[in-house]
Amino acid sequence: MQWRFPLCRRLAALLVVAASLLPGLALAQEAPDALVKRVSEEVLTLIKSDPQIQAGNQARIREVIETKLLPHFDFKRMTALAMGRNWRSATPEQQERLTDEFRTLLVRTYSGAMTQYRNETIDYKPLRMNPSDTEVVVRTAVNKQGGGAPIPIDYSMAKTPQGWKAYDVIVGGVSLVTNYRDEFNNTVQASGVDGLIKQIAEKNRGGK
Amino acid sequence: MSAAGPSQGTRPLAARACTWLMTGALLLAGCTSAPTRTASAVDPLEPMNRTLFQVHDTLDRVVLKPVVDVYTAVLPRPARTAVSNFFNNLDDLWSAANGMLQAKPQKAGDDLGRVLTNTMFGLGGLIDVASSAGIERGNEDFGQTLAVWGVGAGPYLFIPLLGPSTFRDATGTVARAYASPIGYAEDVPLRNSLYGLYAVDARYQAGDALSVVETAALDRYTFIRNAYLQRRRYLIYDGKVPADKEEQ
């Protein structure tokens, strides 16, 4: 019976420590810049080590994006941002379908861009933020292999109950989300929200 | 012919082409009717621009893209990168001049440092040693200089073979064509070869971005216009666009 006591004590001590850490963990979410760095490096490592991705297997690339990247994006907010003032004129059901189609379009775009790059490295710029901030911009720069100017890629991020989530990606000063605003507006003006959903769905099903 | 510089007769071909295109665009602009419902404030010439975009698209599909495909197939990547570096080095010199015109001594100094480093230690600009050493490109041009001096962008303009622009940026393009060292090359076949290679390299360098546009855009004309205008704002403000200037 002698041996049980220290073990129990250690277990109890461990539980106490764990219990005291848990609320802290729940409150202190992973900082946005740390999140961007962790996820980016994970994806980069995957790209470099996966022979199927190296061979340009689109399905595999999309799988990586869906499992690794998508959980950290707020697609509803992205879609609302791209819709601008038209967002409120859409019914909740339309908003949901539109968000789904726009998500697919962005994933296709992203996976297409990913096949172009090999062995790039990412610089993460220091982020200055106050503990009370709920919106930040995390700045990075992608260095392409073989020299050339680095491409700045910034992530606009917002604090949510599920952790920090990106709602815009700005490549070399071009916001991917707001860039859609005129296109979305033109289609909504011409053929309504359903027309826009149909247009993006057709684009997604197209071969490209 | 004076030794001081090229006379009117030997003006760079690209410069003359630009001037003609500008004149043509202005004439066409005069012919277009009142703005349609789709034309936005930044693009009052949208009907004309869309036509020019179609012309460009056809030229690109039939001529430029096939040429670039052959170029990509024939030349190995390091050689293509060397060509890009060579022309980027000339652009950096122009960037240095514009950095000075905009009273940005830090940027101008960096650009000048880049040109000297790459020309002397990078085989005349074929290797971008300066980027490896961490000296960033200034990315300045005369369109931005005009913007900093207070000149408005003017209407958006799509110029076949040259791509998206504005009246202000097209003026900058004309200025650059006049100033380009290529135009001062005495040997005409060499000069024309350099112009040709310059065009091929420009299309080659834009290739990655254009294939993204292909997948991303619902309407390529609008997508390219908005991306171009966003990018120009970003460059004019050196990456720090004031919040009130974001929606223009």
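Let's start with helix 9 of chain B, residues 220-236, in what is a predicted model.

Now look at what helix 9 of chain B buries. Its buried residues are T222(B), R225(B), N226(B), A227(B), L229(B), Q230(B), R232(B), Y234(B) and I236(B). They pack against elements of both chains: from chain A, strand 5 (174-175) and helix 7 (181-205); from chain B, helix 6 (142-148), strand 1 (156-159), strand 2 (163-166) and helix 7 (167-179).

That leads us to the interface, where 25 residues of chain B are in contact with 22 residues of chain A. On the chain B side, the elements that give two or more residues are helix 3 (77-101), helix 5 (129-132), helix 8 (188-216) and helix 9. Helix 9 gives the most, with eight residues. By class, this side of chain B has seven nonpolar, eleven polar and seven charged residues.

Setting aside neighbours within four places in sequence, R108(A) is in contact with N204(A) and, across in chain B, T215(B). As for D33(A), it is 75 residues from R108(A) in sequence and 25 Å from it in space, C-alpha to C-alpha.

Note on methods
Residues are numbered from 1 along each chain as its sequence is written. Chains are lettered from A and ligands numbered from 1 in the order in which they are written. This is a predicted model: local features need pLDDT of at least 70, side-chain atom pairs count only at pLDDT 80 or more; totals for chains, interfaces and linings use all residues. Helices (H or I, at least four residues) and strands (E, at least two) are DSSP runs, numbered from the N terminus. The expected span of a helix is 1.5 Å times one less than its number of residues. A residue is buried if 20 or more other C-beta atoms lie within 10 Å of its own, exposed if 12 or fewer, and partly exposed in between; C-beta atoms are placed from the backbone. Two residues are in contact if their C-beta atoms, placed from the backbone, lie within 7 Å. Ala, Val, Leu, Ile, Met, Phe, Trp, Tyr, Cys and Pro count as nonpolar, Asp, Glu, Lys and Arg as charged, and the others, Gly among them, as polar.
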